[in-house]
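This report is meant for a reader meeting the structure for the first time. Please look through the sequence and the model below before reading on.

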There are 2 protein chains.
Amino acid sequence: MDSVKDEDLELLLAWRSHPDVYRYFHAQSSPLHWDEHYKFWTTRKDRLDWIISVDDGIRKRKVGSVNVSHLSSPAPEIGIFIGEVTLMGHGVGKRSLKLVLLYLKSQGYLRATARIAEGNIPSQRLFGSLGFVRKEKIPDADAYLYELVF
Amino acid sequence: MDSVKDEDLELLLAWRSHPDVYRYFHAQSSPLHWDEHYKFWTTRKDRLDWIISVDDGIRKRKVGSVNVSHLSSPAPEIGIFIGEVTLMGHGVGKRSLKLVLLYLKSQGYLRATARIAEGNIPSQRLFGSLGFVRKEKIPDADAYLYELVF
């Protein structure tokens, strides 16, 4: 996984504008506008973003993104999506999440969290398979907080 | 406009996988798979592809693609799409098409063509505004050939 660079912003925008990707996003229900995307990117704080890549033996390619926010809290929040929509459900997200959890442990964190929409069964299964447990409902959202204690 | 480079392939895939983009494609009715995309790209012949960019004064960004195929015929075929879906209908395609027409004229071509789906009103208007005229129906497709004589 590599850090997201400025030159990746068009790709992130394209991925985040696909209905199969943003359908479970908390703060987005239509394709993303560049201005909003760029403003978010250039003002984000307390957060790391990586590009998820796969290598099929012919070419390494970028397929999605994973991030950790609220890094100054004791339980950072993980977000993830596969932007190459035909690759969803092939285990790429799980491998990336494991790397993020290793990173957080190496930094001394004792817990990680995720917000997962009520209808987002794939993410519930993914995070559940790594030990995340459903906690309280997020106020004013059809989503729940999930938590992993290392 | 810059030529499409290998490093743009993920972005092209993401754009071509958006339902608002591929809805009028002749040979595609669902998100594109990487393998198919890569095979097409690495074996394409007789064709040029460019990236369409816009500069908002803060950052130049990639927003779509335009191509010319059948370059060995007397009337090459132009294809175009805006991949940044929220930018559709803002005149970016028209500016790019004009550049492509200038290029074809400079190369000595006397005609250009386009295949436009029957329901694709935006493209019919766009190409029509540049002088393209509807010709015969494309066999086995809900599309028409459009032609411009320079």
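Predicted model: local features only at pLDDT ≥ 70, side-chain atom pairs only at ≥ 80, totals over all residues.

On the side of helix 1 of chain B the contact is made by B:Leu9, B:Glu10, B:Leu12 and B:Leu13, while helix 3 of chain B contributes B:Trp34, B:His37, B:Tyr38 and B:Trp41.

In chain A, helix 1 (residues 9-16) and helix 3 (residues 34-43) have axes that come within 11 Å and cross at roughly 120°, so helix 1 of chain A and helix 3 of chain A are oblique to each other. Helix 1 of chain A passes helix 3 of chain A in a right-handed crossing. Here A:Leu9, A:Glu10, A:Leu12 and A:Leu13 of helix 1 of chain A meet A:Trp34, A:His37, A:Tyr38 and A:Trp41 of helix 3 of chain A.

## Helices 4 and 5 of chain B

Helix 4 of chain B packs against helix 5 (residues 121-129) of chain B at an angle of about 45°, and the two axes are 10 Å apart. That angle makes helix 4 of chain B oblique to helix 5 of chain B, and the one passes the other in a right-handed crossing. The residues that meet are B:Gly93, B:Lys94 and B:Leu97 in helix 4 of chain B and B:Leu126, B:Phe127 and B:Ser129 in helix 5 of chain B.

## Aromatic rings and charges

Over all chains, a search of the whole structure finds ten aromatic pairs. In one of them, B:Trp50 and B:Tyr103 have ring centres 5.5 Å apart and planes at 75°, so this pair is edge-to-face. Because B:Trp50 lies in strand 2 (residues 47-55) of chain B and B:Tyr103 in helix 4 (residues 92-106) of chain B, the pair ties together parts that are 53 residues apart in sequence. B:Trp50 is buried, with a relative accessible area of 11%, whereas B:Tyr103, at 27% relative accessibility, counts as partly exposed.

In chain A, ring pairs link A:Trp15, A:Phe25 and A:Phe81 into a cluster. Rings also meet charges: the charged end of A:Arg44 sits over the ring of A:Trp41, at 3.8 Å from its centre, and the charged end of B:Arg134 sits over the ring of B:Tyr144, at 3.9 Å from its centre.

## A buried glutamine in chain A

A:Gln124 belongs to helix 5 (residues 121-129) of chain A, and with a relative accessible area of 16% it is buried. Leaving aside residues up to four places away in sequence, A:Gln124 touches A:Ile116, A:Ala117, A:Glu118, A:Gly119, A:Arg134 and A:Tyr146.

## Two residues with positive phi

Most residues other than glycine have a negative phi. A:Asp46, although it is not a glycine, has a positive phi of about 65°; A:Asp46 lies in the loop between helix 3 and strand 2 (48-55) of chain A and is partly exposed, with a relative accessible area of 35%.

B:Asp140 is not a glycine either, yet has a positive phi of about 60°. The loop that holds B:Asp140 runs between strand 6 (133-137) and strand 7 (143-149) of chain B, and at 84% relative accessibility B:Asp140 counts as exposed.

Conventions
Residues numbered from 1 in each chain as written. Chains lettered and ligands numbered in written order. Heavy atoms only, no water. Phe/Tyr/Trp six-rings, centres within 6.5 Å; stacked < 30°, edge-to-face > 60°. Helix = DSSP H or I, 4+ residues; strand = E, 2+ residues; numbered from the N terminus. Buried < 20%, exposed > 50% of the residue type's maximum accessible area, 1.4 Å probe, protein only. Lys NZ or Arg CZ within 6 Å of the ring centre and 35° of its normal. Axes fitted to C-alpha atoms, helices over the stretch in contact; angles between N-to-C directions. Parallel < 35°, antiparallel > 145°, perpendicular 65-115°, else oblique. Left-handed = near helix turned anticlockwise from the far one by under 90°. Contact = heavy atoms within 4.5 Å.
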